[in-house]
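I opened my notebook to log what I looked up in this model. The entries follow in the order I made them.

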Amino acid sequence: MTHSQPEPITPPENFPVTWENPEDARLLWTLDRLHTPEPNMPMTTSARARYMAGRVRAFQHYGRPVAAEPRRRINTYHYSAVVAPDLSAEELAARAEAGLRRAEAAALRLDELWHNEFLPEIKAHLAYWDSFDLRGATLPALLTHLDDSLKRAERLWEIHFLMPMALARNQFAELYTDLFGQENALEAHRLVQGFDNLSLQMGRALWRLSRMALNVPAVHQVFVEQRAADVLPMLERLGEAEPFLAALRTFLNEYGRRSDGWDWGYPSWHEDPTAVVQLVQLQMRRSDYDPLTELHALAAEREQLVAQTRERLKGYPQPVRDQFETLLKAAQFNTVLLEDHNFYIDFLGMYYLRQVILEFGRRIAEAGALQRPSDVFYLMLDELRDTADAQPFSDRRTLVAERRAEMEYWRNITAPLKLGTPSNTPPLTDSLSRSMSKFFGAPLASTNESNVLRGHAGSPGKVRAPAKVIHSLAEAGKLQPGDVLVTDATAPPWTPLFAIVSAVVTDAGGVLSHCAVVAREYRIPAVVGTGNATQVIRDGQMLEVDGSAGVVRLLPAEEII
């Protein structure tokens with residue numbers, strides 16, 4: 001049976017696309033709003049095009065129909081496409097079946113794989129980066145180190161996608177609903193809650209900083225009266241602030257090697273702690289909260305639910321009970337791993353790659369060819385090499401200024417989710433594909449209700465509260481305790497915000513996404529993957545967020561505050 005060729009997607013008028021390679025127009029290009037909703041730095045897009053070959057190898061290992069995954073920076077936004085292998089339908093099906101069996105086996109033993117194989121290898125790569133003398137290296141040695149760093153990053157991302165973390169979590173949730181009914185879909189996730197992870201540990205460390213700031217009157221006054229950017233310069237002139245500053249340095253050494261989001265072209269907290277100061281200011285506004293007590297309460301609730309479920313299963317055949325226990329154990333560990341792998345790969349690993357690039361930026365800026373070291377991230381990877389190869393360094397200041405202005409322009413334009421030409425190949429619907437769909441969030445049918453947004457039920461509960469639309473942590477200062485956080489998506493560095501807000505609504509994501517998982521850990525409602533919440537909702541708009549139903553109601557205008 002032959003399929004008619006799909007018609008190319010017509011881009012919006014305000015988002016014209018010119019294909020440098022005509023072949024690109026025949027591919028379907030997708031914007032990952034869960035990780036890259038904003039304009040991307042040129043350096044990070046071009047580097048990803050290199051090291052994400054590791055992801056392709058992992059996908060092939062698990063039988064996904066991917067021969068290549070090209071990446072393009074289109075109007076400053078990061079798009080990726082999939083090139084399918086030239087195989088028959090029968091060959092693709094056989095490869096998918098064998099790969100799925102490998103993925104299911106790996107998902108059940110990720111605890112062993114992580115602790116015995118993957119984490120030791122990751123730490124070895126981090127130790128290598130930590131031991132390399134960036135400042136002392138000659139320029140040829142630094143160029144060689146860059147190549148080596150990209151290869152190591154490629155391996156880190158291969159490890160990342162060799163861990164099908166969403167699979168066991170989804171298999172457990174599907175088993176639970178098969179046993180007890182679809183109306184219990186969110187209840188399944190309560191059986192994996194209350195386990196500590198590195199994101200929660202970071203949140204508690206930040207909470208302790210906020211308590212220190214509250215308990216020293218002079219420090220407290222500075223945090224209350226000053227803008228986040230001015231707090232540290234003021235504290236450094238106060239003798240009473242030294243214990244707090246020492247604790248802050250410890251925090252940054254442990255948790256500060258991360259950016260606010262997934263684009264490592266922006267400064268890490270270690271380089272610019274302003275975001276940390278702002279998070280402390282927000283945490284200081286809450287006094288009726290103890291994160292460790294909350295974690296223990298979640299764990300106790302989990303154990304009670306697990307015990308009750310085992311009672312309900314007593315009349316079931318032994319193979320069913322065995323399957324429940326196997327998938328429960330795997331889902332519980334994989335929920336922890338969802339956060340911990342981010343700490344080591346997505347943030348620590350990319351922090352070190354950032355430092356390599358920054359060293360080039362420092363040298364080029366000292367030679368006068370860049371205004372500041374961080375401007376190097378406005379260059380593409382090939383442009384960096386060309387600049388470094390030229391003696392004297394090629395002047396890139398004009399190019400950087402043009403690209404900075406370009407990013408600011410496109411930041412105000414909503415990028416379409418899809419470009420190019422849709423594929424006529426039916427998507428896979430196996431358990432691995434379903435789990436990824438529930439991580440990223442499957443598309444939803446549109447609604448004609450003007451005052452209703454529909455998304456995926458991410459975390460149960462219902463609240464009414466005013467909205468604050470936040471696109472970056474730099475805007476988080478406008479949050480007040482009890483607000484509804486409305487955003488494109490959240491990343492692990494955003495975790496402390498969940499202790500402040502009463503609910504979360506996102507444009508992107510599904511029930512297995514970071515936002516949904518963390519909202520459940522903080523016991524606040526979440527509706528994820530609405531598609532357009534940040535475009536429809538205004539600051540101060542009163543919302544009713546029903547995380548159990550996946551519905552957000554925009555309340556009448558007279559209730560806007």
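I started with Tyr255 and Phe343, and both are buried. Buried means under 20% relative accessible area, exposed over 50%, and partly exposed in between, with a 1.4 Å probe and protein chains only. I noted that this is a predicted model, where local features need pLDDT of at least 70, side-chain atom pairs count only at pLDDT 80 or more, and totals for chains, interfaces and linings use all residues. Residues are numbered from 1 along each chain as its sequence is written, and side-chain values use heavy atoms, with hydrogens and water left out.

**Entry: ring pairs**

I looked up the aromatic pairs and found 24 in the structure. The ring centres of Tyr255 and Phe343 are 6.3 Å apart and the planes stand at 70°, so this pair is edge-to-face. I wrote down the rule: rings of Phe, Tyr and Trp (its six-membered ring) pair if their centres lie within 6.5 Å; planes under 30 degrees apart count as stacked, over 60 as edge-to-face and the rest as tilted. Tyr255 sits in helix α11 (residues 242-255) and Phe343 in helix α14 (residues 318-366), so the pair links distant parts of the chain, 88 residues apart. Helices (H or I, at least four residues) and strands (E, at least two) are DSSP runs, numbered from the N terminus.

How are the rings of Trp262 and Phe347 arranged? Their centres are 5.3 Å apart and their planes are at 25°, so I logged the pair as stacked. This pair also links distant parts of the chain. Trp262 is in the loop between α11 and α12 (274-283), Phe347 is in helix α14, and 85 residues separate them. Trp262 counts as buried because its relative accessibility is 15%. Phe347 is buried too, at 3%.

I then traced a cluster. Ring pairs join Trp114, Phe251, Tyr255, Trp269, Phe343 and Tyr344.

**Entry: charges over rings**

I checked for arginines over ring faces. Arg258 lies over the face of Phe347, 5.2 Å from the ring centre. Arg302 lies over the face of Phe195, at 3.7 Å from the ring centre. The test is that NZ of Lys or CZ of Arg is within 6 Å of the ring centre and within 35 degrees of the ring normal.

**Entry: Glu154**

Is Glu154 buried or exposed? I found 17% relative accessibility, so Glu154 counts as buried. Glu154 lies in helix α5 (residues 139-161). I left aside neighbours within four places in sequence, and Glu154 is in contact (heavy atoms within 4.5 Å) with Arg50, Tyr51, Ala53, Gly54 and Arg57.

Most residues other than glycine have a negative phi, and most peptide bonds are trans. I looked for exceptions. A cis peptide bond joins Gln391 and Pro392, with omega about 0°. Pro392 is in the loop between α15 (381-389) and α16 (397-411).

Thr76 has a positive phi, near 75°. I placed Thr76 in the loop between β2 (71-74) and β3 (77-81). Thr76 is buried, with a relative accessible area of 1%.

Arg523 has a positive phi as well, near 55°. I found Arg523 in the loop between α18 (514-521) and β10 (526-528). With a relative accessible area of 39%, Arg523 is partly exposed.
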